Amino acid sequence: MSVAQKDYKKVTVKTLNDMKAHGEKISMLTAYDYTMATIVDGAGIDVILVGDSASNVMAGHKTTLPITLDQMIYHASSVVRGVNRALIVVDLPFGSYQSDPKEALRSAIRIMKESGAHSIKVEGGKEIKESIKRILNAGIPVMGHLGLTPQSIYKFGTFSVRAKEEQEAEKLKSDALLLQKAGCFALVLEKVPAKLAKEVADMLDIPVIGIGAGNGVDGQVLVLHDMIGMTKEFHPRFLRRYLNLYDDMTNAISQYVDDVKSVDFPSDKEQY
Ligand code: KIV
């Protein structure tokens with residue numbers, strides 16, 4: 001456990017608030033399956049996001065749009081079985097909450113009931129305010145997500161930095177306040193200028209967790225497969241790779257192939 005980390009036994013939405021109040025940064029990573037979740041949780045992460053980035057990372061889609069509610073529930077319930085300490089947040093997938101508040105609530109309830117996760121995340125501000133309120137009224141904690149919101153990628157047209165212009169930055173700030181006022185317990189800010197992200201984090205009482213949003217926010221999130229180097233063709237400036245597993249795994253697997261072909265594996269000691 002790192003120096004600047006208090007030993008919270010179980011992380012709850014209240015813990016995240018306490019962390020912000022005490023100036024302790026929040027660590028968050030994605031996970032989509034049981035095995036990875038046990039490793040990430042065991043390493044002391046505060047929040048595990050069952051992100052709809054599973055659509056890219058696990059299923060090979062170009063965007064997050066195709067993943068379904070049933071698929072998110074499958075990923076989330078696998079993660080839940082591997083976690084003892086971290087707070088688990090699950091993305092409501094595209095199409096499961098935008099059309100009307102009742103459908104949004106039904107989707108959120110399915111995630112909570114069928115996966116056992118602790119909270120949900122939605123992308124957007126004012127446009128989905130009623131859906132957020134409906135979900136919160138049912139006692140389900142909601143994390144917001146502003147800035148680059150990948151479910152709207154076809155509206156943006158690119159994955160470039162958001163809110164560089166005054167007008168979009170103002171809309172982002174007013175959405176952030178609205179999400180806090182509605183009762184969201186935290187907010188993800190994705191790919192926005194560091195100065196703006198810090199301004200939002202300073203303005204809000206709830207924690208702001210950044211990805212490509214600089215170090216003036218209350219915590220950081222990355223996609224696990226990117227930070228351990230399992231993905232290869234993704235090199236945004238904000239990504240720090242802690243391992244190079246793509247190459248390490250490729251080497252290990254080609255060694256296994258060689259060993260099988262040359263009958264080096266299994267050895268006498270590796271058989272009955
Ligand atoms: O789906 C996801 O992985 C996310 C993170 C990028 C924040 O929403």
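**View 1. Make-up of the shell around the ligand.** The shell around the ligand divides into three nonpolar, four polar and four charged residues. The model shown in this and the following views is predicted. The residues that surround the ligand are Thr30, Leu49, Gly51, Asp52, Ser53, Asp91, Lys121, His145, Glu190, Ile211 and Val223.

View 2. Serine 53 places a polar side-chain atom 2.5 Å from an oxygen atom of the ligand. For lysine 121, an N or O atom of the side chain is 2.9 Å from a ligand oxygen atom. The side chain of aspartate 52 has an N or O atom 3.0 Å from an oxygen atom of the ligand. On its own the ligand has 260 Å² of accessible area, and the protein covers 95% of this area.

**View 3. Salt bridge between aspartate 91 and lysine 121.** Aspartate 91 and lysine 121 form a salt bridge in which the closest N and O atoms are 2.8 Å apart. Because aspartate 91 belongs to strand E3 and lysine 121 to strand E4 (residues 119-121), the pair ties together parts 30 residues apart in sequence. Aspartate 91 and lysine 121 are both buried. Both residues are also among those that surround the ligand.

**View 4. Salt bridge between arginine 85 and aspartate 46.** The closest N and O atoms of arginine 85 and aspartate 46 are 3.4 Å apart in this salt bridge. The pair links distant parts of the chain, the two residues being 39 residues apart. Arginine 85 sits in the loop between helix H4 (69-80) and strand E3 (87-91), and aspartate 46 in the loop between helix H2 (34-42) and strand E2 (47-50). Arginine 85 and aspartate 46 are buried.

View 5. In helix H8 (residues 166-182), the side chains of lysine 173 and glutamate 170 meet in a salt bridge with an N to O distance of 3.3 Å. The two residues are three apart in the helix, so about one helical turn separates them. Lysine 173 has a relative accessible area of 14% and is therefore buried, the cut-off being under 20%. Glutamate 170, with a relative accessible area of 36%, is partly exposed.

View 6. The structure as a whole holds 13 salt bridges.

How values were computed. Residues numbered from 1 in each chain as written. Predicted model: local features only at pLDDT ≥ 70, side-chain atom pairs only at ≥ 80, totals over all residues. Heavy atoms only, no water. Salt bridge = Lys/Arg side-chain N within 4 Å of Asp/Glu carboxyl O. Helix = DSSP H or I, 4+ residues; strand = E, 2+ residues; numbered from the N terminus. Buried < 20%, exposed > 50% of the residue type's maximum accessible area, 1.4 Å probe, protein only. Near = heavy atom within 4 Å. Polar contact = N/O pair within 3.5 Å; in protein donor to acceptor, adjacent residues only side chain to side chain. Areas by Shrake-Rupley, 256 points an atom, 1.4 Å probe, with all protein chains shown as cover. Nonpolar A, V, L, I, M, F, W, Y, C, P; charged D, E, K, R; others polar.
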